Amino acid sequence: MKIFHTRKQLLVFFMPGFLLGIIYVNFIAVKYMAEPGIFSSYFLEQFRSADIVAEEYLWYLVRVRIFPFLVLAGLSLTKARKLSAVLFLVWTGISGGILISLAVSSMGIKGSILCMVGLFPQFLFYIPAYLVLIWYAYTYPGSQWNRQKSIFVSFMMAAGLILEIYVNPLLVQGFLSTL
């Protein structure tokens with residue numbers, strides 16, 4: 001059972017969630033696929049022509065990026081730390097599977113590229129921050145929280161926020177202008 005003591009264990013929880021998200025879109029939510037959504041040409045055109053106000057966008061990102069991170073961090077201090085880490089990985093997998101499936105079914109390969117552009121470059125910083133927290137919660141008491149982890153996680157989340165505010169909208173709008 002060596003896999004239970006490696007970081008590969010985290011994929012054991014993420015990948016089934018990802019598969020569930022794909023199954024949900026392709027078999028359960030088929031009737032909703034005909035409705036316009038975030039991958040409709042109208043929505044994409046609205047985003048392409050939108051002006052992003054950094055101060056307003058920052059408060060939105062605090063709600064959708066920092067608040068869930070703080071909730072997971074708070075849960076990692078309780079007895080439910082391992083369960084919360086597992087549920088977070090499963091939920092992230094489900095969300096990712098739904099997003100990719102909707103994008104591909106609505107736009108084809110351009111949809112999957114749009115998803116990658118939408119995640120880049122900020123997720124290069126968010127993912128390590130979340131992985132440090134999830135690994136701590138999953139392996140406690142084998143791993144202990146310390147100042148270095150706090151500094152690393154804080155820096156990575158802050159860098160991710162800055163990139164998502166200032167760089168990502170330019171990349172997404174640039175990609176949308178090619179469609």
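This is a predicted model: local features need pLDDT of at least 70, side-chain atom pairs count only at pLDDT 80 or more; totals for chains, interfaces and linings use all residues.
Threonine 178 counts as exposed because its relative accessibility is 57%, where exposed means over 50% relative accessible area, buried under 20% and partly exposed in between, with a 1.4 Å probe and protein chains only. This threonine is found in the segment after helix H8, residues 168–177; helices (H or I, at least four residues) and strands (E, at least two) are DSSP runs, numbered from the N terminus. A polar atom of the side chain of threonine 178 lies 2.5 Å from the backbone oxygen of phenylalanine 175.

Residues are numbered from 1 along each chain as its sequence is written, and side-chain values use heavy atoms, with hydrogens and water left out.

Turning to H8 itself, the buried residues are Asn168, Pro169, Val172, Gln173, Phe175 and Leu176. They cover an arc of only 160° around the axis, and are therefore on the same side of H8; the arc is that of the directions from the helix axis to the C-beta atoms. Their cover includes helix H2 (41–49), helix H3 (54–75), helix H5 (109–119) and H7.

In helix H7, residues 147–166, we find glutamate 164. Is this glutamate buried or exposed? At 3% relative accessibility, glutamate 164 counts as buried. Its side chain and that of arginine 65 are joined by a polar contact of 2.7 Å, that is, a pair of N or O atoms within 3.5 Å; within protein, one must be able to donate a hydrogen and the other to accept it, and residues adjacent in sequence count only if both atoms are side-chain atoms. Not counting residues up to four places away in sequence, glutamate 164 touches Tyr57, Leu61, Arg65, Gln122, Tyr126 and Pro169, a contact being heavy atoms within 4.5 Å.

Finally, the chain as a whole. The protein chain has eight helices and zero strands. Of its 179 residues, 34% are buried. Among contacts between residues at least 6 apart in sequence, 83% join residues at least 24 apart. Along the principal axes, the C-alpha atoms fill a box of roughly 50 × 40 × 20 Å.
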